[in-house]
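Colleague: I would like to learn how to read a model like this one. Can we go through it feature by feature?

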Amino acid sequence: MTDSTPGSQPRCEAAHLGDASPCEGPRDAVTILDRHGDSAQACVHHGTRLYASLINPRVHPGSVAGAAIEVYYRAQTTSAFAWLDHHELPEA
């Protein structure tokens, strides 16, 4: 899923249409696979969010050395569907 609106930067395949956050680094830093083997190339940020939202996901290395393990570790502390309002932390 890429954002193709005029004047916008293209986003990685893993960026959800409802997630307005920009990519972090190259859009092919990692590849995220779901339990059926479907895959999406991803930046570290959106790869983390997608990984955290899937059941039995896998992350494979892409163009950035060490990015796969970074995505794995970040996903351990990321809520599923983190781009939705109900997952935002309340302000103190």
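Colleague: Which residues does Thr48 touch, leaving aside those up to four places away in sequence?

Modeller: Keep in mind that this is a predicted model. Start with the contact list. Thr48 touches Val71, Arg74, Ala75 and Thr78, with residues up to four places away in sequence not counted. Thr48 itself sits in helix 1.

Colleague: Is Thr48 buried or exposed?

Modeller: Read the relative accessibility against the cut-off. Buried means under 20% relative accessible area. Thr48 has 4%, so Thr48 counts as buried.

Colleague: Which residues of helix 1 are buried?

Modeller: Go along the helix residue by residue. The buried ones are Val44, His45, His46, Gly47, Thr48, Arg49, Tyr51, Ala52 and Ser53. That makes nine of the ten residues of helix 1, so this helix is largely enclosed by the rest of the structure.

Colleague: What do the buried residues of helix 1 pack against?

Modeller: Look for the partner elements. Here they are strand 1, strand 2 (39–42), strand 3 and helix 2.

Colleague: Let me step back to the fold. How many helices and strands does the chain have?

Modeller: Count the elements, then read their order. The chain has two helices and three strands. Along the sequence the pattern is β-β-α-β-α.

Colleague: What share of the 92 residues counts as buried?

Modeller: The share is 35%. Then check the contacts for sequence range. Take those with a separation of 6 or more: residues 24 or more positions apart account for 48% of them.

Colleague: Now the core. Which residues have the most contacts inside the largest nonpolar core?

Modeller: The largest nonpolar core has 16 residues. Those with the most contacts inside it are Cys12, Val30, Ile32, Ala42, Tyr51, Val59 and Val71. Helix 2 gives the most, with four residues.

Colleague: Which residues of helix 2 are buried?

Modeller: Ala67, Ala68, Val71 and Ala75 are. Now check their directions around the axis. The arc they cover is only 105°, which puts them on the same side of helix 2. The buried residues of helix 2 pack against strand 1, helix 1 and strand 3 (58–61).

Colleague: Which residues form a nonpolar patch on the surface?

Modeller: For a patch, look at the members and their joint area. Ile69, Tyr72 and Tyr73 form one, with about 320 Å² of accessible area together. Ile69 lies in helix 2. At 47% relative accessibility, Ile69 counts as partly exposed. For the chain, the accessible surface comes to about 5900 Å², and 53% of that belongs to carbon and sulfur atoms.

Colleague: How many salt bridges does a search of the whole structure find?

Modeller: The search finds three. For each pair, read the distance, the location and the burial. Arg49 pairs with Asp19, with the closest N and O atoms 2.8 Å apart. This pair links distant parts of the chain: Arg49 is in helix 1, Asp19 is in the segment before strand 1, and they are 30 residues apart. Both Arg49 and Asp19 are buried.

Colleague: What are the relative accessible areas of Glu24, Arg74 and Glu70?

Modeller: Glu24 has 34% and is partly exposed. Arg74 is partly exposed at 28%. Glu70 is partly exposed at 35%.

How values were computed. Residues numbered from 1 in each chain as written. Predicted model: local features only at pLDDT ≥ 70, side-chain atom pairs only at ≥ 80, totals over all residues. Heavy atoms only, no water. Core = buried A, V, L, I, M, F, W, Y, C linked by side-chain atoms within 4.5 Å. Buried < 20%, exposed > 50% of the residue type's maximum accessible area, 1.4 Å probe, protein only. Arc of directions from axis to C-beta. Contact = heavy atoms within 4.5 Å. Patch = residues over 30% accessible without salt bridge, like charges linked within 9 Å, V, L, I, M, F, W, Y side chains within 5 Å. Areas by Shrake-Rupley, 256 points an atom, 1.4 Å probe, with all protein chains shown as cover. Salt bridge = Lys/Arg side-chain N within 4 Å of Asp/Glu carboxyl O.
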